[in-house]
Amino acid sequence: MPKHVVCAVAEIPPGGRKLVEAEGKRIVVFNLDGEFFALSDRCPHQGGSLCAGLLSGHVDSPEPGVYVYGRRGEMIRCPWHYWEFDIRTGKSWFDPKRVQVRQYAAHVETGAALVEGPYVAETFPVQVEDAYVVVEA
């Protein structure tokens with residue numbers, strides 16, 4: 001799949017998200033403590049924008065009357081009908097085998113690692129201080 005440089009790492013702080021467009025697709029990129037994940041911005045239920053959704057965690061109940069809240073900020077809830085999806089996998093919480101949001105590979109590359117075009121030009125030594133989020137769409 002083609003790679004698209006969508007933003008500098010600093011543009012998405014930990015716990016943040018950013019709506020980007022690549023190949024005509026609306027993609028929301030999440031930063032979960034320095035790990036980047038990219039999902040389609042479209043909820044598979046009726047097309048709500050996941051970028052506008054609420055970030056939440058996961059409530060687990062190992063036994064009646066006992067509730068444990070974990071994975072804070074790793075679930076995205078569609079703002080229209082509150083369908084929840086795991087940001088790390090794109091899978092829905094209620095039916096993970098059949099319902100999921102399209103996931104795109106996302107990773108960080110340094111500016112020096114990004115090369116464009118087949119042309120060769122005179123080069124000069126430079127120092128690159130930023131890293132960028134790259135989405136494969």
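**Salt bridges in the predicted model**

Modeller: At 72% relative accessibility, Arg98 counts as exposed (over 50% relative accessible area, with buried under 20% and partly exposed in between; 1.4 Å probe, protein chains only). This is a predicted model, in which local features need pLDDT of at least 70 and side-chain atom pairs count only at pLDDT 80 or more, while totals for chains, interfaces and linings use all residues. Residues are numbered from 1 along each chain as its sequence is written, and side-chain values use heavy atoms, with hydrogens and water left out.

Biologist: With which residue does Arg98 form a salt bridge?

Modeller: A salt bridge is a side-chain nitrogen of Lys or Arg within 4 Å of a carboxyl oxygen of Asp or Glu. For Arg98, the closest N and O atoms of the pair are 3.0 Å apart. The partner is buried, at 18% relative accessible area; it is Asp95.

Biologist: How many residues apart in sequence are the parts that Arg26 and Asp41 tie together?

Modeller: Arg26 and Asp41 form a salt bridge. Arg26 lies in strand β3 (residues 25-32) and Asp41 in the loop between β4 (35-40) and β5 (54-63); strands are DSSP runs of E, at least two residues, numbered from the N terminus. The pair therefore ties together parts whose separation in sequence is 15 residues.

Methods. Helices (H or I, at least four residues) and strands (E, at least two) are DSSP runs, numbered from the N terminus.
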